[in-house]
Amino acid sequence: MVSREAREDLKFGDIIVPKGCNVWTLMGIIHQDPETWGPDAAKFNPERFANGVKGACKYPFVYMPFGVGPRVCLGQHFAMTELKILLGLIVKNFEFSLSPNYVHDPVLTLIIEPKDGVNLLVRKV
Ligand code: HEM
């Protein structure tokens, strides 16, 4: 989630936001809204991005994992580069399958994460 404080009285459509009020944007909720992402919105399905964000959802501007505007995440390009390198190295060197002990139980803390971790069976290739 990200928050912004209204520095003056604002009006968004019918909604009045008084000066000093904090507006929270819950990306975790927006990113799983079936109206935007379709009926499988809650499903982990990376293939939905095969044709970019525009191909994945109805309103591409609501996809903002790194926030938006002047306070957008400073580390977003670093984070994406790091993740791509890491993921590439992992899939090149290891083979994975889900352990039968894994329990699917995502929880929302600061981010959405697996409550009891992700138990994997890992084999070096
Ligand atoms: C996948 C990893 C990451 C995600 C999903 C993420 C997400 C976010 C989000 C949502 C914000 C708030 C943006 C807003 O208010 O509009 C933020 C801010 C920030 N992030 Fe990240 N971040 C990630 C990694 C990193 C890394 C690796 C760094 C530093 C190396 C970093 C540095 C920052 C900083 C400094 C801010 C505050 C920017 C400001 O307020 O001007 N982040 N991040």
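Predicted model: local features only at pLDDT ≥ 70, side-chain atom pairs only at ≥ 80, totals over all residues.
## Helix 4

None of the 18 residues of helix 4 is buried, so this helix lies largely in the open; a residue is called buried if 20 or more other C-beta atoms, placed from the backbone, lie within 10 Å of its own, exposed if 12 or fewer, and partly exposed in between.

Residues are numbered from 1 along each chain as its sequence is written.

## The chain as a whole

The chain has 4 helices and 8 strands, and along the sequence these follow the pattern β-β-β-β-α-α-α-α-β-β-β-β; helices (H or I, at least four residues) and strands (E, at least two) are DSSP runs, numbered from the N terminus.

The radius of gyration of the chain is 19 Å, whereas a compact globule of 125 residues would have one near 14 Å; this radius is taken over C-alpha atoms, and the globule rule is 2.2 Å times the number of residues to the power 0.38. The C-alpha trace spans about 60 × 30 × 30 Å along its principal axes, and buried residues make up 2% of the 125 residues in the chain. Among contacts between residues at least 6 apart in sequence, 31% join residues at least 24 apart, a contact being a pair whose C-beta atoms, placed from the backbone, lie within 7 Å.

## The ligand shell

There are 13 residues around the ligand, of which V2, G67, C73, G75 and A79 come nearest; a residue belongs here if its C-beta atom, placed from the backbone, lies within 6 Å of the molecule. By class the shell has 9 nonpolar, 3 polar and 1 charged residues, where Ala, Val, Leu, Ile, Met, Phe, Trp, Tyr, Cys and Pro count as nonpolar, Asp, Glu, Lys and Arg as charged, and the others, Gly among them, as polar.

C73 lies in the loop between helix 3 (52-56) and helix 4, and the unreviewed UniProt entry covers C73 with the annotation "binding site"; UniProt positions are in the numbering used here, feature names are shortened, and annotations may be inferred rather than shown by experiment. With 14 C-beta neighbours inside 10 Å, C73 counts as partly exposed, and, not counting residues up to four places away in sequence, C73 touches F66 and G67.

F66 is placed in the loop between helix 3 and helix 4 and is partly exposed, having 15 other C-beta atoms within 10 Å. Beyond its neighbours within four places in sequence, F66 is in contact with V72, C73 and Q76; the C-alpha atoms of F66 and Q76, 10 residues apart along the chain, are separated by 6.4 Å.

Terms used
Contact = placed C-beta atoms within 7 Å.
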